[in-house]
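Hello,

Here is the structure I promised to pass on to you.

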Amino acid sequence: MQVLKFGGSSVGTTAAISKVIAIVKARVQKTPTIVVVSAMSGVTDQLILLAQTASQGNEAYKAIIQSLAEKHEDAVRALLPASQQSKTLSIVKELILEIESHCATIFNEGIFSLRMQDCLMSYGEILSSKIIAAAFEAKGVDQVWLDARAMIKTNSTYSSAGVDRALTNQTIQKYFANDANQHALYMTPGFIASNAAGHTTTLGRGGSDFTAAIYAAALSASILEIWTDVSGMMTADPRIVPHAKAIPKISYHEAMELSHFGAKIIYPPTIQPVMQAHIPIWIKNTFEPEHPGTLIEIASAKDDHAIRGISSIKDICLLSLEGAGMVAIPGFTNRLFDALAKKQISIIIITQSSSEHSISVGVSVQDTHLAKIAVDAEFEEEINTQLLEPLIIEKELSIIALVGEQMRNHPGVSGKMFTVLGANGINIRAIAQGSSEKNITAVIEAHDVHKAMNVLHEAFFETAYKQVHVYIAGVGNVGSKLIEQIKLQAANLQSTLRLKINIVGIANSKKQLINLEGINLSHSDDSINNSSNNSHSKNSSNSIPWMDQLAAASSETIHAGTIQDYVAAILNHNLPNSIFVDVTAHATVADTYAQLLSKGVSVVACNKIACSSPYAHYANLKSLAQNHHAAFLFETNVGAGLPIVSTLNDLIHSGDTIHKIEAVLSGTLNFVFNHYEGGKDGKTFAHVVKQAQEEGYTEPDPRLDLGGTDVMRKILILAREAGYPLEMEDIVNESFLPAPCFNGSVADFYIELEKQEPHFKQLYDAAAAAGCKLKFIAKFEKDANGKATAKVGLQHIQPSSDFYHLYGKDNLVLFYTNRYPEQPLVIKGAGAGADVTASGVFADIIRAARA
Ligand code: ADP
Ligand code: ASP
Ligand code: MG
């Protein structure tokens, strides 16, 4: 036996009913089938309205009956061939006449009762099931219509009757045991039942699911299928969270918790009977039958999801009892719960403050009034003697619940939940965690529910991170360190900032490695991928995978080509969130920025050439970036990883004005002058410069540093970022390097430097004689006339100066501004080195990615 239940929207139109017939027809051949149907969508609501309208003595009830009659007669005409319609049309007419007769009585007596409402509501399911039964018959499917009122026996709590499970099981089992014909298909209305007196009862709104579960459990069905209008139980109500996804597999307990906390997809009592009988529930979409939907069974899916789903209940109110005397009242909690239970008020959540001075329960808003009367009456004496305050009621609240059986094995779920809510300005009124740790619930204000559900869903389910595609140009010291840093930090960025940084291109001046899925940066994956067919990975434990790939010119992914080819490829790929990273010192690379920015590709440059090029060019790049919503960032142009440019930008953006900048901006020069002692220690000036180069503190041609050009570029960039349109020619360079040093190659330069040793010794001795140190200082200033000037040069620095105690490769920048007029804003720290520069570039990549 199998039980298939089709909900209101699955039988809401003739098109939908045709789908139901196709689904069932394909199934009945194999196993005897019970099909439980709801009323056509909207019909139950119409019948409730009908009962109310008639009982108010309002003639408008007749129009409601008319519309119900038309809806069902239309369905018959659309579903059945003309020759077979009359029998079913007369059944419909007869049922409509019964409705009319009941309504006439209600109208005349003017009395509304839940019993009468149940009686009227039952026609929704009776009509739909009769019509669908006839449609099956017309299709030649052998079927018998079962009256659920004769099968499902309940108490007399009209509108949500309690099922007598033992009697019901017996009745159902007896019927099927005696059913000699063994039909292929049993059609039956959901939702409706009857009490001992034979009066019609209903099982509560959404109760057709429960009807189906009762049949399934009584007959030990192989499966209970709930066919509805969505493709399974989802991670959240899809009407609230558009990104909600179907849950392939969920445990009975998890499904029960989700439905208890508002997931309307399944009526909460449905799960219990089938869980006891170990019958799986399969939730399927009538309108997308090929979708696998959701399987509900004993075990929770074996994955590492702490949270299976999120749900919410609207229209909650929080009832709180408080009072210093609470601890002293014996049986206090029981009395509270009993008082509510006696009025049939169901408690949705309970929270108690740790001080035991207050307890709060969340109940449905329609129960508020009754609850207030019941609780205040129960504790009348304690309230009069001021042991307790009268019941406090807070309205317009909602409950949100995170559900997952694995939650208990994942610490930090509640922390994450509250952090996410807090960060989004959502106030939490109360918190509860079930003792079984299958849910965490919070009471929040009703108007925050939509936001809360969406941010929680985003935090717990949307692995949808922002995917960023990075193209690197330059794989020297800085480029290699950068790739290494990205590799190590990638997982962290994905979990903390939800950024997935994919390096899709790595290029040196000759070759380009491109993989749009992301270049494999790690050894372990590499060796797994290659272990079967490639000895390369085995002997590569000391090698770097991407370097090997870049070096392997035979690989398909390698393109020989110029930087222009690389840029053409980037523009051709047209990937979202692309960032071009220039860690070269080449003008040809800097020349591509305009092309990239104008196509919305962000540019992160360590290369200073573009920003120190003619002002018009620099300004054009900035405006291209702005106009195309791309980032153009170059923090490492000044002071390596130190936050100099970003601090300057923050000052300017927040309305400050820069008057003066004084700085040591060359880590190289600082290193050189800190290590050169006029030859006393046997080290010539040339020797010290060589050492700086070997340690990676110089540009490839150290003359760019020593000649002052590099510092000129840096102060120029700072002046420009401060809002002054200076050109390189405006910067005065008081160079200490004798003119012959600039001739020839780098090798020639070192030879010349040795020859010039007396010159450097003299510089050193003069400073030492004055008790000073030599520092290469850059200075930008607005003069009295408001004219901006800048210069760079070697200076004697007194021990009293900020610059005196500057060691190693450190940089120091002093910003004098409106807000920092006398005591400058100071930034100090390592201003050179591949690691810090790479980290500055990395920070810019993150900034660009988040822009
Ligand atoms: P039926 O009429 O088939 O019984 P219901 O309207 O009772 O259908 O239940 C299906 C609806 O439940 C869906 O259309 C969806 O809007 C709502 N729903 C609420 N929470 C969830 C959830 N977690 N997963 C899927 N659907 C949900
Ligand atoms: N028709 C009833 C309702 O609308 C029962 C159901 O659809 O499950 O609540
Ligand atoms: Mg339903």
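Below are some notes on the two ligand sites.

This is a predicted model, in which local features need pLDDT of at least 70 and side-chain atom pairs count only at pLDDT 80 or more, while totals for chains, interfaces and linings use all residues. Residues are numbered from 1 along each chain as its sequence is written, chains are lettered from A and ligands numbered from 1 in the order in which they are written, and side-chain values use heavy atoms, with hydrogens and water left out.

Let me start with ligand 1. It has 17 residues around it, and those that come nearest are Thr228, Asp229, Met234, Arg239 and Lys264 (a residue is near if one of its heavy atoms lies within 4 Å). This shell divides into 7 nonpolar, 5 polar and 5 charged residues (Ala, Val, Leu, Ile, Met, Phe, Trp, Tyr, Cys and Pro count as nonpolar, Asp, Glu, Lys and Arg as charged, and the others, Gly among them, as polar). An oxygen atom of ligand 1 lies 2.7 Å from a side-chain N or O atom of lysine 264, and a nitrogen atom of ligand 1 is 2.8 Å from a polar backbone atom of methionine 234.

Now to ligand 2. Around it are Ser38, Thr44, Glu125, Phe191, Arg205, Gly206, Gly207 and Ser208, a shell of 1 nonpolar, 5 polar and 2 charged residues. Glutamate 125 has a side-chain N or O atom 2.6 Å from a nitrogen atom of ligand 2, and serine 208 places a backbone N or O atom 3.0 Å from an oxygen atom of ligand 2.

Best wishes

Note on methods. A polar contact is a pair of N or O atoms within 3.5 Å; within protein, one must be able to donate a hydrogen and the other to accept it, and residues adjacent in sequence count only if both atoms are side-chain atoms.
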